[in-house]
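Take a look at the structure first, then we'll get into it.

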Amino acid sequence: MCQQILSTVDANVIVVDWKKGANIHTGYYYATVNTEVVGTILALLVRSLERHQGADKSHFHIIGHSLGAHVAGFSGSAYKKTRYQRITGLDPAGLFFRKKGRDARLDETDAHFVDVIHTDGGITGFGYLNAMGHVDFYPNGGQSQPGCYLTCSHSRAYEYFTESILSNEAFRAWECETLDQCTSLEGLNTTQPPDNRMGFYVHNPKENKMYYLRTNREAPFNIPPEP
């Protein structure tokens, strides 16, 4: 993902290495607690870049997968008054977060624009199914991904996002009226032109929306629109 971003836009990319704190083998609970710690440290790093390197918080785009999505949320919480420009949550972790309040997980107030991709949000999935951003995408219904087994659906979120960097026409999506419509497709008309695009080039509709789209079973995952 870093290489795709660097080859596409003029940007600096900072990778947060917190593998020791995210080691679920020493206890998943401790990893969830560490998301707030790492998020706070990330916020301090951003403040340092602002004060000493002339960075502007309005240009920051924080991207996090699974527990990393909540790290991004906690980092944004430290900027409630000014906020980052954008946070992207890639299948935010669900376990231990499903019953948390907005201040204890990623939510739409953590940045000027929060977009979320849900890929493994079923009852037995690793992800968080309910909408939590300004825009929430539910590829293939958001609960499991075609061609996937075990943890594969959870990983597809960052694979989709990485692929989306290559084209501003990829991953066209249709607006849903409700979460149930995004997951069941009942009453959703996908014969109409798409309403948005999932991933790097998402459009901010200025009001909260949910979207559905289909993907291929394997890379390339984008399904081009019919001519």
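Q: What is the bridge partner of F137 in strand 7?
A: That's Y211. Keep in mind that this is a predicted model.

Q: What makes strand 4 and strand 7 a pair?
A: Two strands pair if there are at least two bridges between them. Strand 4 (residues 135-139) and strand 7 (residues 209-213) have five bridges, in the parallel sense, so they pass that cut-off.

Q: Why is one side of strand 1 and of strand 6 left without a neighbour in the sheet?
A: The open sheet has seven strands in the order 1-2-3-4-7-5-6, with mixed pairing. Strand 1 (61-65) and strand 6 (196-197) stand at its edges, so each has a single partner strand.

Q: Which strands does helix 4 touch as it packs on the sheet?
A: Helix 4 (residues 152-164) touches strand 1, strand 2, strand 3 (111-117) and strand 4. Its direction makes about 150 degrees with that of strand 1.

Q: How do you know that E163 has no salt bridge?
A: A salt bridge needs the charged atoms within 4 Å. For E163, which sits in helix 4, the nearest side chain of opposite charge is R156, and that is 8.6 Å away. So E163, though buried, has no salt bridge.

Q: Why is G21 called partly exposed?
A: Buried means under 20% relative accessible area, and exposed means over 50%. G21 comes in at 22%, so it counts as partly exposed. You'll find G21 in the loop between helix 1 (2-8) and helix 2 (28-53), where it touches Y30, A31 and N34, leaving out residues up to four places away in sequence.

Technical notes: Residues are numbered from 1 along each chain as its sequence is written. This is a predicted model: local features need pLDDT of at least 70, side-chain atom pairs count only at pLDDT 80 or more; totals for chains, interfaces and linings use all residues. Side-chain values use heavy atoms; hydrogens and water are left out. Helices (H or I, at least four residues) and strands (E, at least two) are DSSP runs, numbered from the N terminus. Contact means heavy atoms within 4.5 Å. Axes are lines fitted to C-alpha atoms, for helices over the stretch in contact, and angles run from 0 to 180 degrees between N-to-C directions. Buried means under 20% relative accessible area, exposed over 50%, partly exposed in between (1.4 Å probe, protein chains only). Lys and Arg count as positive and Asp and Glu as negative; His and the chain ends are not counted.
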